[in-house]
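Hi there,

Here is the structure I promised to pass on to you. Have a look around first, and then read on for what turned up in it.

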Amino acid sequence: MTGPLPTLLSQVPLAISTDGLTKTYGDATVLRDLALQVPLGSVYLLVGPNGAGKSTTMKILLDLVRPDSGTAEVLGYSSRDQGSLVRANVGYVPEQLDWGYTWLKVGRLLEHHSRYFPSWDDAYAKHLFKSFDLRLNQTVATLSKGQGRRVHLAMSLAHRPPVLILDEPTDGLDPVMRDEMFRVLTDHLSDTPTTVLFSTHHVGEVERLADHIGVLADGQLRAQLPLHDLRNQMRRYRASIPPGWQGGHLFRERVMRRITTHNEIDWTVWGEEESVARELAGAGASVRDISLFTLEETTLLLLTRPEIVR
């Protein structure tokens, strides 16, 4: 652990893993000794601010970018040495759309793409085209950002790959199509065994699907754990305290945010609720309220420097 929250999973089969992954661009270090662990069959939400290293990590997994050091594996295949096998087993939606075939019509592009994947499901592809309202006669060069995103989503799902790597897949989609995308993805996961590595700024939308989370900042994981553990262990405690209260040392680094005045505390603490409340009471604090956080609130808390008022 690099902090109060766990950053390593244990004793679970992994679909995606990296070890010691480091990447620099000039003087900027984008990834620092990254140990990403995506359990087999999970929907793993990777969150972080712009520039945190999320897209670089995904590109390294697909051998589209080479790290300075460290290793990456997808389904047991080395990203560096077996990149073609990795890409054959992954459906990928990139953050930046770069087609390379701008003169093609959408239908011809999809036909061309399908030839690289023997598992391409024509009937399912047609269902996706309808769900995403794709205009097959439209030229790729004329696609808006949202239209291009929908084409990429269809391309990534239609061959039913065992791994999906989705980098900001809702970017450019209007609210109606974002909702449709999540409906399609939910249906897809219900009948196709799939591991998903998902990056998005719309954290609240993915909460219903995700079961693991990684919080990435400055190229390092601040947390990596099952979502139910995060929900069960992070709480906000508001309590009255007596004059001269001596409990300011409690929980030490497990206090994620600490506001203390002369007669009350407002602390966010990582730990088992009953144990934390009991320890506060034992130190003379009268707990008035214990509240939960939404996933969006929790990730924002983890990505910002704690505000400490004494």
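Trp245, Phe251 and Trp267 are linked by ring pairs into a cluster. Please keep in mind as you read that this is a predicted model. The structure has three aromatic pairs. One of them stacks Phe182 and Phe198, with 6.1 Å from centre to centre and 15° between the planes. Phe182 belongs to helix H6 and Phe198 to strand E9, so this pair ties together parts that are 16 residues apart in sequence. Phe182 is buried, with a relative accessible area of 2%, and Phe198 is buried as well, at 1%. Phe251 and Trp267 also form an aromatic pair, and theirs is edge-to-face: the centres are 6.3 Å apart and the planes make an angle of 85°. That pair links distant parts of the chain, since Phe251 is in the loop between strand E12 (234-240) and E13, while Trp267 is in strand E14, 16 residues apart. Is Phe251 buried or exposed, and what about Trp267? Both Phe251 and Trp267 are buried.

Strand E14 leads us to its partner. E13 (residues 255-260) and E14 (residues 264-270) pair in the antiparallel sense, over five bridges. The two form a hairpin, with three residues between them. If you want a place to start looking, find Val255, which stands opposite Val269 in E14. Five of the six residues of E13 are buried, so this strand is largely enclosed by the rest of the structure.

Next, the charged side chains. Side chains of opposite charge can pair when their charged atoms come close. How many salt bridges are there in this model? The count comes to 16.

Here are some to look up:

- Arg66 and Asp63 form a salt bridge, with the closest N and O atoms 2.6 Å apart. Asp63 is buried, because its relative accessible area of 18% is under the 20% cut-off. Arg66, at 39%, counts as partly exposed.
- Asp171 and Lys145 meet through their side chains in a salt bridge of 2.7 Å, N to O. Asp171 lies in the loop between strand E8 (163-167) and helix H6 (175-191), and Lys145 lies in helix H5 (residues 145-157), so the pair ties together parts that are 26 residues apart in sequence. Both ends are partly exposed: Asp171 has a relative accessible area of 27%, and Lys145 has 45%.
- Glu205 and Arg178 are joined by a salt bridge between their side chains, again listed at 2.7 Å, N to O. Glu205 is in helix H7 (residues 203-206) and Arg178 is in helix H6, so this pair ties together parts that are 27 residues apart in sequence. Glu205 counts as partly exposed at 21% relative accessibility, whereas Arg178 counts as buried at 17%.

Salt bridges with shared partners also join Asp121, Arg160 and Asp191 into one network. Arg160 turns up in another setting too: its charged end sits over the ring of Tyr124, 3.8 Å from the ring's centre.

Finally, I picked out two serines for you. Ser199 is in strand E9 (residues 195-199). Ser199 has a relative accessible area of 0%, so it counts as buried. Which residues does Ser199 contact, leaving aside its neighbours within four places in sequence? They are Leu46, Lys54, Met58, Leu166, Asp167, Glu168 and Pro169.

Ser78 lies in strand E6 (residues 77-78). With 18% relative accessibility, Ser78 is also buried, because the cut-off is 20%. The side chain of Ser78 reaches the backbone nitrogen of Asp81 at 3.1 Å. Not counting residues up to four places away in sequence, Ser78 touches Ala72, Glu73, Gly83 and Val86.

Enjoy exploring, and write back with any questions.

Best wishes

Notes:
Residues numbered from 1 in each chain as written. Predicted model: local features only at pLDDT ≥ 70, side-chain atom pairs only at ≥ 80, totals over all residues. Heavy atoms only, no water. Helix = DSSP H or I, 4+ residues; strand = E, 2+ residues; numbered from the N terminus. Buried < 20%, exposed > 50% of the residue type's maximum accessible area, 1.4 Å probe, protein only. Contact = heavy atoms within 4.5 Å. Salt bridge = Lys/Arg side-chain N within 4 Å of Asp/Glu carboxyl O. Pairing = 2+ DSSP bridges. Phe/Tyr/Trp six-rings, centres within 6.5 Å; stacked < 30°, edge-to-face > 60°. Lys NZ or Arg CZ within 6 Å of the ring centre and 35° of its normal. Polar contact = N/O pair within 3.5 Å; in protein donor to acceptor, adjacent residues only side chain to side chain.
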